[in-house]
Amino acid sequence: MGHVPLNMFAYILRRLLQTIPVMLVVAVFIFLMLRLTPYDPAAIIAGDSATAEQVAQIRSQLGLNDPIVQQFFNWLGKVLSGDLGQSFFFKKTVAELIGERIEPTLSLAFFTIVIAVLVAVPLGVLAAHRQGTWIDRVVMGFSVLGFSVPTFVVGYILIYVFAVWLNWLPVQGYQHISEGVWGWAERLILPALTLSVIYVALIARMTRASVLEVLSEDYIRTARAKGQIERRVLFRHALRNAAVPIVTVIGLGIALLIGGVVVTESLYTIPGLGRLTVDAVLARDYPTIQAVILLFSFVYVMINLAVDLTYTLLDPRIRY
Amino acid sequence: MGDIRKVIVAVLCAAGLSLQAIPAFAETTLRAVMQSDLKILDPIWTTAYIVRNHGYMIYDTLLAQDEKGEIKPQMLDKYDVSADRKLYTFTLRDGLLWHDEKPVTSEDCVASIKRWAAKDSMGQKMMSFVDSIDVVDAKTFTIKLKEPTGLVLLGLSKPSSNVPFMMPKRVAETDPNKQIEDFTGSGPFKFVKDEWKPGDKTVYVKFDKYKPRPEPASGLAGGKVAKVDRVEWLAISDQQQAVNALQKGEIDFIEQPSHDLLGALKKDPNVTVLEVPQLKAQYVFRPNWLHKPFDNPKIRQALWYAFNQEDFLMATIGDEAYIKECKALFICGTAFASTKGTDGILTSNMKKAQELLKEGGYDGTPVVLMQSTDLKVLTNLAPVAKSLMEKAGFKVDMQSMDWQTLVARRAKKDPPDAGGWNAFLTAWVTADVMNPVSAAYVNSGCDKASFGWPCDEKMEKLRDEFARESDPAKQKAIAEAVQLRNIEMTQLIPLGEYLQPVAMRKALKGYLPAPAPVLWNIEITK
């Protein structure tokens with residue numbers, strides 16, 4: 001048993017080392033992709049009635065006339081020394097911009113995943129338990145609907161009902177938690193509900209499938225034969241053994257949420273990383289786009305690692 | 001149980017802290033959704049309208065145009081013009097302060113004029129007449145001209161981008177091609193840099209030591225009295241959500257509500273939709289003179305007969321209440337608008353257009369027409385142009401892209417098949433197209449001209465003549481000659497005008513009709 005933590009430590013270290021080439025590939029890819037597209041941040045910065053000479057001057061000031069290789073190594077050198085650079089547009093460092101935007105995105109992701117897990121897992125278990133009944137069909141019907149309806153449509157419907165018609169919740173905006181817990185929570189309810197629909201659909205479906213597979217196992221029959229109550233059989237024996245694929249989906253869901261809340265953040269005017277990404281892309285703000293994509297990649301890799309490590313807690317047979 | 005108790009205590013503490021955060025007095029805050037998010041802060045460095053609007057919040061101008069377009073002193077107490085019209089003497093008002101509470105001096109103003117004139121096209125033209133700008137004392141400075149021009153007063157009261165905003169000398173001495181880092185102004189509001197979060201909000205607070213003029217506010221002139229303590233510009237990118245927020249009272253003002261949502265706003269008893277004549281805009285078609293087929297004046301001329309304004313206006317705005325057909329080069333209702341030379345053009349006379357194409361020897365070269373797809377007021381322009389041009393006999397290759405890509409691509413002089421272009425469509429607001437010197441697309445100075453690079457010596461001579469003239473009647477005659485020359489040479493084609501109303505909560509009083517949306521003089525009545 002004494003070797004297990006050491007193996008685990010070595011595994012984590014190996015996985016962390018593996019992130020370096022991954023991040024490097026991401027860095028090269030995003031850098032080249034931005035430089036090879038026919039966009040010109042200088043023309044955007046210069047404004048509507050700028051002359052070609054003014055655009056050229058700005059391009060030169062931004063260093064966009066330097067050879068691409070030189071631009072890349074200048075940027076990489078700065079990133080390695082912890083400097084993500086200065087935004088072309090926002091008169092702020094990219095680190096400052098990201099720092100300002102992390103709280104709203106994490107808050108929204110947290111609310112969304114809590115709602116999704118609390119709703120989806122019981123629904124999935126219930127659907128599996130009542131397989132073939134109307135309950136199963138309703139849950140699966142909802143799941144299909146959740147996948148099919150675009151997020152912005154769900155958002156508009158929720159806004160119309162709960163904000164405009166019933167007047168229960170604000171239409172848009174974000175309040176930092178330091179300015180008041182209720183104001184913070186109140187503004188996150190509708191966005192989190194909007195965003196959670198697709199995750200509820202995904203997790204409920206995955207939970208149902210995993211639990212169904214486990215329910216046909218011998219040990220479930222044994223548990224029932226021993227006279228255990230059905231709830232205990234479902235949640236203690238079946239769900240726990242079905243947890244690995246469910247946790248995988250939840251983990252991937254969290255990773256996608258960090259970088260994939262663009263539509264919801266735009267719809268509800270939440271100043272998070274998703275909106276920062278959109279604004280940066282529309283403005284061709286290369287340093288900001290590069291930094292947020294690197295950050296998203298890093299988060300993705302880390303969450304994958306965390307999910308892999310969680311497997312060992314859920315299934316003692318899995319060891320690294 | 002212990003853990004739950006801890007959580008409850010923590011939540012109550014946080015709630016208590018949040019209650020303490022409520023200020024002890026009621027501060028009036030005006031929450032506005034402007035046309036776009038504020039990302040750049042130097043109104044001299046860029047011509048973007050949102051940055052111009054930011055400039056009006058925190059800076060002041062020496063002269064300003066009132067509601068009727070008349071030029072009035074603003075930061076100035078008075079100005080004198082010598083009998084030979086070659087020496088202008090400007091005297092600043094008493095009590096003007098920068099936001100750091102240091103006095104505004106003539107040295108600051110001279111440096112500001114020089115920086116503005118280095119960037120702005122009208123400023124550059126004005127400086128071609130200037131012999132020297134000299135400080136006389138702390139409150140007086142002079143502009144000495146080589147020859148008389150009407151551009152001094154017109155330039156220093158220019159209402160739209162670039163507006164000659166006054167900045168402290170230390171700021172105004174920044175290289176005009178670099179953005180300023182210090183945002184000290186002398187206007188009625190102060191910029192709160194610590195609270196500025198691009199993509200979220202921009203915050204201004206009232207400058208208590210601002211000394212407004214005694215006259216009532218009118219247009220961009222008169223007493224600029226800040227009647228709210230704080231102004232927040234919120235970056236709500238979704239138009240429907242901005243309207244929802246306005247109707248619910250979460251915001252107070254929308255600068256440019258989408259035309260298709262105006263019906264819902266007009267029905268709301270708590271909302272006012274205000275039509276401001278000065279916020280009219282003109283659609284234009286811009287051909288590129290550098291490449292075939294629009295390097296040929298006859299072929300460009302065929303466009304005047306292929307197009308008609310109604311099709312463009314109905315396809316974009318779609319509501320007759322907000323559109324106006326106007327064939328004048330300078331916005332209808334302004335001083336230099338004229339109908340001269342407009343008979344028979346813009347009537348979709350395809351027969352005439354085809355004749356001109358034949359005369360011009362059009363060989364079927366496809367026209368690369370750039371379509372902007374993400375700005376609602378522009379999206380439908382290019383498809384209409386394509387349809388009408390094809391009816392006239394043009395071959396059109398319409399290429400769709402977002403506005404920012406179009407902006408980047410139009411700067412390229414390359415041939416259309418190598419990343420360049422032949423034509424695009426856009427819109428200009430009234431304040432930018434009121435005379436031959438300020439209208440950027442009339443500039444026909446070849447390489448010095450704006451994208452499209454028209455090269456027309458005769459047009460440039462007319463623009464110089466206009467700049468020299470100060471008699472309004474003679475200026476009008478020159479402006480008419482400019483219009484005729486444009487119809488002959490096709491620097492641009494005006495495709496009609498539309499009105500962009502503003503929307504606000506009924507409780508807002510005092511919005512000033514002006515060529516730019518300004519938020520002084522506004523009070524929240526309940």
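Helices (H or I, at least four residues) and strands (E, at least two) are DSSP runs, numbered from the N terminus. The model is predicted, so local features need pLDDT of at least 70 and side-chain atom pairs count only at pLDDT 80 or more, while totals for chains, interfaces and linings use all residues. Residues are numbered from 1 along each chain as its sequence is written, and chains are lettered from A and ligands numbered from 1 in the order in which they are written.

**Exercise 1.** Work out the order of the strands in the open sheet of chain B, and state which of them stand at the edges.

Solution. Two strands pair if DSSP finds at least two bridges between them. On this basis four strands of chain B form an open sheet with antiparallel pairing, in the order S4-S5-S7-S6. Strands S4 (76-81) and S6 (130-137) of chain B each have a single partner strand and stand at the edges, so one side of each is left without a neighbour in the sheet. Within the sheet, five bridges join the antiparallel strands S5 (residues 87-92) and S7 (residues 140-145) of chain B, and Leu87(B) stands opposite Lys144(B) in S7(B).

**Exercise 2.** Describe how helices H9(A) and H10(A) pack, giving their angle and the distance between their axes.

Solution. Axes are lines fitted to C-alpha atoms, for helices over the stretch in contact, and angles run from 0 to 180 degrees between N-to-C directions. H9 (residues 218-225) and H10 (residues 230-241) of chain A pack at about 150 degrees, with their axes 10 Å apart. Angles over 145 degrees count as roughly antiparallel, and H9(A) and H10(A) are therefore roughly antiparallel to each other. The contact (C-beta atoms, placed from the backbone, within 7 Å) is made by Tyr219(A), Ile220(A), Ala223(A) and Arg224(A) of H9(A) together with Val233(A), His237(A) and Ala238(A) of H10(A).

**Exercise 3.** Decide whether Ser160(B) is buried or exposed.

Solution. Ser160(B) lies in the loop between helix H5 (151-156) and helix H6 (169-172) of chain B. Because Ser160(B) has 20 C-beta neighbours inside 10 Å, this residue counts as buried. Ala431(B) is 271 residues away from Ser160(B) in sequence, yet their C-alpha atoms are 5.6 Å apart in space.

Technical notes
Parallel < 35°, antiparallel > 145°, perpendicular 65-115°, else oblique. Contact = placed C-beta atoms within 7 Å. Buried ≥ 20, exposed ≤ 12 C-beta atoms within 10 Å, placed from the backbone.
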